[in-house]
Amino acid sequence: MASLSFTQIKAGNSASGFVLTRRSLTFTRPSRIGFKIFASQTQAEPDLSVTVNGLQMPNPFVIGSGPPGTNYTVMKRAFDEGWGAVIAKTVSLDAAKVINVTPRYARLRACSNGSAKGEIIGWENIELISDRPLETMLKEFKQLKDEYPDRILIASIMEEYNKAAWQELIDRVEQTGVDAIEINFSCPHGMPERKMGAAVGQDCALLEEVCGWINAKATVPVWAKMTPNITDISQPARVALSSGCEGVSAINTIMSVMGINLETLRPEPCVEGYSTPGGYSAKAVHPIALGKVMTIAKMMKSEFDDGNYSLSAIGGVETGSDAAEFILLGANTVQVCTGVMMHGYGLVKKLCAELKDFMKKHNFTSVEDFRGASLPYFTTHTGLVRRQQEAIRQRKAIKKGLQSDKDWTGDGFVKESESMVSN
């Protein structure tokens with residue numbers, strides 16, 4: 001019988017940044033044709049390229065904000081390996097206020113017989129945003145854009161509740177040439193203590209005000225990163241889009257306590273005998289993320305122009321199938337962070353190959369061919385009951401057999417007789 005165990009791991013300091021290039025960019029999304037795609041006799045190689053808020057990417061796979069985008073060296077590696085875009089680790093004006101601890105990660109494994117070598121299914125972190133000086137991160141953003149002018153670099157930013165600070169940060173980040181900005185309204189630990197991160201994303205009135213400041217200043221596309229630690233995630237997503245953001249990203253990590261060490265009786269990850277709740281990610285959160293993304297996608301489809309707004313999905317992506325599920329719900333792009341920490345930057349090649357295999361299986365030639373194709377098949381529980389009752393009624397109607405003597409046929413006489421037997 002499978003059991004669960006956790007281990008804590010140590011990590012050195014990490015950091016990262018963000019950048020952008022903006023709006024007044026409208027594009028008309030090509031028509032989508034659902035599941036029935038008719039292939040030519042010679043099947044073309046599927047095209048993974050996507051255009052999102054006017055930004056052209058070679059594939060929909062994006063490095064999510066966190067350690068995989070912490071400095072120039074790792075972001076360069078991501079571009080070289082073929083990621084569609086890179087979102088740098090979140091930056092703020094004063095990195096001196098950001099003090100990380102070690103260890104700051106803990107992992108949950110699915111184990112047999114208490115083995116500590118089981119598959120990693122959960123990952124908790126208590127890591128903060130970038131602790132590197134903003135000037136250093138900005139210099140590296142510019143260097144990356146100079147060296148990779150045709151690749152998409154996105155800056156992740158976060159600030160305290162201060163209009164001038166937000167607008168100064170946006171101005172300085174945009175000067176580096178980044179292609180877009182993701183606003184971190186969702187970090188669940190550490191930063192909310194300073195009324196940052198999830199403290200904003202969980203308060204729709206505050207979110208609307210801050211989004212107004214941001215979108216009055218930004219000149220590149222802005223994505224608002226949503227927290228899952230809220231009852232109805234569609235509410236802050238709606239506020240962000242209504243306040244001028246071109247897109248939303250979901251989900252950030254889920255508030256969690258990884259576990260208690262039953263030998264020491266201390267929580268994990270353990271820092272000098274103490275811990276704090278952190279953000280949960282990896283495979284175990286994927287179904288939760290699918291549910292949150294579905295909720296946002298349905299809201300966007302019913303209330304916003306699908307061609308002018310975007311949805312970037314995040315949560316437990318380690319395979320091309322994981323990504324396909326998000327795209328089938330309506331996501332334009334799929335972000336990966338913990339997956340890179342577990343499998344390396346080369347993971348993108350596997351993701352692309354597996355997504356292409358899925359597309360070939362269904363004769364899809366582009367990502368747009370199947371984006372959102374599964375969304376119409378979600379309804380309410382009341383809707384499920386109604387549909388099932390109607391299906392039962394139709395089956396019973398068929399069971400009753402012929403309606404008139406004129407309907408008898410010679411070829412189907414035996415089956416027609418049986419259709420009218422009561423038991």
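Thirteen residues, written here as 13, line the second largest cavity of this predicted model. Those nearest its centre are A297, D306, G330, R371 and L375. In total, the structure holds two cavities of 30 Å³ or more. The largest cavity has a volume of about 520 Å³.

**Second largest cavity**

- The volume of the second largest cavity is about 110 Å³.
- Helix α7 spans residues 286-303 and gives the most to the lining of this cavity.
- The share from α7 is three residues.
- Sorted by class, the lining of the second largest cavity has six nonpolar residues, three polar and four charged.

**Largest cavity: elements in the lining**

- Four elements are named as giving two or more residues each to the lining of the largest cavity: β7 (119-125), β15 (278-281), β17 (333-336) and α9 (338-343).
- Of the elements, α9 gives the most to this lining, with three residues.

**Largest cavity: classes in the lining**

- The lining of the largest cavity has 17 nonpolar residues and 15 polar ones.
- Charged residues number four in the lining of the largest cavity.

**What such a search shows**

Notes: Residues numbered from 1 in each chain as written. Predicted model: local features only at pLDDT ≥ 70, side-chain atom pairs only at ≥ 80, totals over all residues. Heavy atoms only, no water. 1 Å grid on protein atoms, 1.4 Å probe; cavity = no way out; pocket = protein on both sides within 12 Å on 5 of 7 lines; lining within 4 Å. Points joined across faces, edges and corners; volume = space filled by probe spheres on them. Nonpolar A, V, L, I, M, F, W, Y, C, P; charged D, E, K, R; others polar.
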